[in-house]
Amino acid sequence: MQTAAMDPAEEPPSMLWGLDPVFSAFARLYIRDILEMTESTQVPGIYFYNLHPISKVDVLGTVVYKREREDFFCYGVDDGTGVINCLCWKSDVLKEEREPSKSGAQLGAAAQGGFDPVAELQKLRRAQRTRCRLEIGELLRVRGPVKTSRQQREIKASTYYKVSDSVMAVQISWMMEAPQLYRQCYDKAPQLEPDAAGDSAVSSLSRATKILKDFLKQKSVSRFRPYDVQDLLQPLISSPPQAASADQIDSLRVVSRAGLGQKIGPFNERPAPQEPVAGPSACQQLRQLLKEALQILQDEGAVYRKVKSQDEVYLVTVQDKDLLVAVKDVIREDSRREKCAWTRSVQYRHKF
């Protein structure tokens, strides 16, 4: 694998990396993206995904190959997007392969006398060996820094263990969380420099969304139109300052000259009226803020539009009884299928 280096002009300065929360966390990236990340030209061992500085990752996948040495295991992990080499160092417990010869007598005494700490310690060690020694086809979770050795991208595991997932609950949960992390964090460019205008816009939008949510919850509204809630967001819109008229400016100049003892006459120069600054009006700002807040509520599933027409009618999801009945019917029909019955029986057996 040829390691790609990032263009120094595009790479953010290293002093700002700490402002990105991804830098200090284990990034749950797909293996394909880990293999394609570009390496930093400032600090070796730091990689970039969409300008996010990444040094350590968290991977869940199936073991597809295995090599064992005296001091470490080398597992090939496949998550469906690619295969990466994981270097897993052996602990002292794994290096002690043989059991003590006197354990048989101690176990016999434990059966007669009760609790035996030596036997319990051996059980814990056997359980640890089982969790850390994997075979091909088993599920492995690895956390650790990303390194490049001999032109090959690999993970030097700081933590690794076998995952018992007989009903695939862990894998399904992982596959559902990963796309959300990409949409909410990894695929968005990091904001390493403060933006006052952007922060104020986000603050107004979040406040507008909260105002609408509180109104719908308190009033138990089942349906509404945009103009029904438009006045609720009016306090969030700051009206632009009005320009002073020519007569007001003239009167101010007269008063100021009189105070200074200057002669006032009809031939005094009259200032030219100031032209208003072009920009969106308060009404336009209110409509845009309401439109964005309603879009956020739709994305979150709080409201929806049953029929898209010129008459914008929004229905509140929680208050829509017809929708709740339809959802229950869908769940009831899906639960009658054979695969759902098999899942329930498996879960029942594992529970008891």
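Let's start with what helix α5 packs against. Its buried residues pack against α1 (31–36), β2 (47–49), β3 (52–54), β4 (56–68) and β7. Buried means under 20% relative accessible area, exposed over 50%, and partly exposed in between, with a 1.4 Å probe and protein chains only. Which residues of α5 are buried? They are Trp174, Ala178, Tyr182 and Tyr186. As a general point, an α-helix has 3.6 residues a turn, so residues three or four places apart point the same way.

A word on the source. This is a predicted model: local features need pLDDT of at least 70, side-chain atom pairs count only at pLDDT 80 or more, and totals for chains, interfaces and linings use all residues. Residues are numbered from 1 along each chain as its sequence is written, and side-chain values use heavy atoms, leaving out hydrogens and water.

Back to α5, residues 169–186. Its 18 residues should span 26 Å at 1.5 Å a residue. The expected span is 1.5 Å times one less than the number of residues. The end C-alpha atoms are 24 Å apart, which agrees.

Now the overall picture. The protein has 11 helices and 12 strands. These are DSSP runs numbered from the N terminus: helices are H or I, at least four residues, and strands are E, at least two. Of the 352 residues, 29% count as buried.

Next, salt bridges. The rule is a side-chain nitrogen of Lys or Arg within 4 Å of a carboxyl oxygen of Asp or Glu. The count comes to 13.

Take Glu177 and Arg28. Their closest N and O atoms are 2.6 Å apart. Glu177 sits in helix α5 and Arg28 in the segment before α1, so the pair ties together parts 149 residues apart in sequence. Glu177 is partly exposed, at 34% relative accessible area. Arg28 is also partly exposed, at 21%.

Then Arg143 and Asp58. Here the closest N and O atoms are 3.0 Å apart. Arg143 is in strand β7 and Asp58 in strand β4, 85 residues apart. Is Asp58 buried or exposed? Buried, at 0% relative accessibility. Arg143 counts as partly exposed, at 32%. These residues belong to a network of salt bridges linking Arg28, Asp58, Arg141, Arg143 and Glu177.

A further pair is Lys213 with Glu300, closest N and O atoms 2.8 Å apart. Lys213 lies in helix α6 (residues 196–219) and Glu300 in helix α9 (residues 282–300), so this pair ties together parts 87 residues apart in sequence.

Now a charge without a salt bridge. Asp320 is buried, and the nearest side chain of opposite charge, Lys306, is 4.6 Å away. For charge, Lys and Arg count as positive, Asp and Glu as negative; His and the chain ends are not counted. Asp320 lies in the loop between β12 (314–316) and α10 (321–335). Leaving aside neighbours within four places in sequence, Asp320 is in contact with Tyr304 and Leu315. Contact means heavy atoms within 4.5 Å.

Last, the strands around β8. Two strands pair if DSSP finds at least two bridges between them. Strand β6 (residues 83–89) pairs with β8 (residues 152–156) in the parallel sense, over three bridges. Cys86 has Ile155 of β8 as its bridge partner. Strand β7 (residues 139–149) runs antiparallel to β8, with four bridges. There, Thr148 is partnered by Arg153. Two residues separate the strands in the hairpin of β7 and β8, where Arg150 takes a positive phi near 55 degrees.
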